[in-house]
Amino acid sequence: MERKQEIMTRIYKAKDYQDLGRKAANIISAQIIMKPDCVLGLATGSSPLSTYEQLIKWYEKGDLDFSEVISINLDEYKGLAPDDPRSYRYYMNKHLFKHVNIDMEKTFVPDGLEPDSEKACRDYNFLIRSCGGIDLQLLGLGHNGHIGFNEPGEAFEKETHCVNLTESTIEANRRFFTSYDKVPKQAYTIGIKNIMQAEKILVIVSGADKAGILDSVLHGPITPKIPASILQLHNDVTFVADEAALGNLSF
């Protein structure tokens, strides 16, 4: 009889956003210490900022060494150059890479300037496989349950792909651009299949506005209409959320 795979989901409660960052950074630090040449899947946006700040502090104290780490980022806007302040490559350089001793040649972000979407996605999938897969994938959680740019849809099985951004995402990003016409309408993102193949997954969630979707992700049906719900089937996933985000859950 085939043995059923054990599913391990941990939920850590943080007092506030800064505490969330410390707890998440603890988990990432442990991964680096246990496996100095680990492959980290990294995320952008507001959620990871306190985590990256804490990692930088520990590096500056001499507690962390990034010299052998490989990083693979979740996504990038199609059409933005790496030196564009609104690109995710620029974000990672500004908020983490330039402050630690990571080898920049081992930091990977999808090529936003590659016009051939199929080639860009094929190359990134090959990169992930050639690195041996992702040891620890860091994720934020969107208000509609999206992870990366994997928006609500009909299926889970995609690898890296080019996404047509939703109107709500385009509108949310409009404040960073001089006009609506200049807001990117597409992005490259690693897919749900890539994410689920990571050895470990770490999800950070902050704010009362995420309480409802977090509850649905953890306890609702597994459906592509809530992309992060698939994480219920991963065998090693950790959620770190602040008190506000955990407002709908009982402990």
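Partly exposed describes a residue whose relative accessible area lies between the buried limit of under 20% and the exposed limit of over 50%. The legends below describe a predicted model.

**View 1. Asp37 in the loop between α1 and β2.** With a relative accessible area of 41%, Asp37 falls between the two limits and is therefore partly exposed. Asp37 belongs to the loop that runs between helix α1 and strand β2, residues 39-42. Its C-alpha is 6.7 Å from the C-alpha of Ile70, although the two residues are 33 positions apart in sequence.

**View 2. Strand β2 and its pairing with β3.** In a regular strand the side chains alternate between the two faces of the sheet. For β2, both faces are covered. Val39 and Gly41 lie on one side and Leu40 and Leu42 on the other, and all of these residues are buried. Strand β3, residues 70-73, pairs with β2 in the parallel sense, and 4 bridges connect the two. Within this pairing, Gly41 has Ile72 of β3 as its bridge partner.

**View 3. The open sheet of 7 strands.** The strands are arranged in the order β1-β10-β9-β6-β2-β3-β5, and the pairing is parallel. At the edges are β1 (9-14) and β5 (107-108), each of which pairs on one side only. Elsewhere in the sheet, β9 (residues 200-205) and β10 (residues 237-242) are joined in the parallel sense by 5 bridges. Ile201 has Val237 in β10 as its bridge partner.

**View 4. The open sheet of 3 strands.** Here the order is β4-β8-β7 and the pairing is antiparallel. Strands β4 (75-77) and β7 (161-164) each have a single partner strand, so one side of each is left without a neighbour in the sheet. Direction ignored, neighbouring strands of this sheet are turned against each other by 25 degrees on average.

**View 5. The pairings of β8.** Strand β8 covers residues 186-189 and runs antiparallel to β4, to which 3 bridges join it. In this pairing, Tyr77 stands opposite Ala187 of β8. The pairing of β8 with β7 is also antiparallel and extends over 4 bridges. His161 stands opposite Thr189 of β8.

**View 6. Helices α1 and α2 packed together.** Two packed helices are described by the angle between their axes and the distance between the axes. For α1 (residues 17-34) and α2 (residues 49-60), the angle is about 60 degrees and the axes are 7 Å apart. The two helices are therefore oblique to each other. Their crossing is right-handed. On the α1 side, the residues making the contact include Tyr17, Leu20, Ala24, Ala25 and Ile28. On the α2 side, Leu49, Leu55 and Trp58 are among them. By class, the contact of α1 with α2 holds 8 nonpolar, 7 polar and 2 charged residues.

Terms used: Residues are numbered from 1 along each chain as its sequence is written. This is a predicted model: local features need pLDDT of at least 70, side-chain atom pairs count only at pLDDT 80 or more; totals for chains, interfaces and linings use all residues. Side-chain values use heavy atoms; hydrogens and water are left out. Axes are lines fitted to C-alpha atoms, for helices over the stretch in contact, and angles run from 0 to 180 degrees between N-to-C directions. Angles under 35 degrees count as roughly parallel, over 145 as roughly antiparallel, 65 to 115 as roughly perpendicular and the rest as oblique. A crossing is left-handed if the near helix is turned anticlockwise from the far one by less than a right angle, and right-handed if clockwise. Contact means heavy atoms within 4.5 Å. Ala, Val, Leu, Ile, Met, Phe, Trp, Tyr, Cys and Pro count as nonpolar, Asp, Glu, Lys and Arg as charged, and the others, Gly among them, as polar. Two strands pair if DSSP finds at least two bridges between them. Buried means under 20% relative accessible area, exposed over 50%, partly exposed in between (1.4 Å probe, protein chains only).
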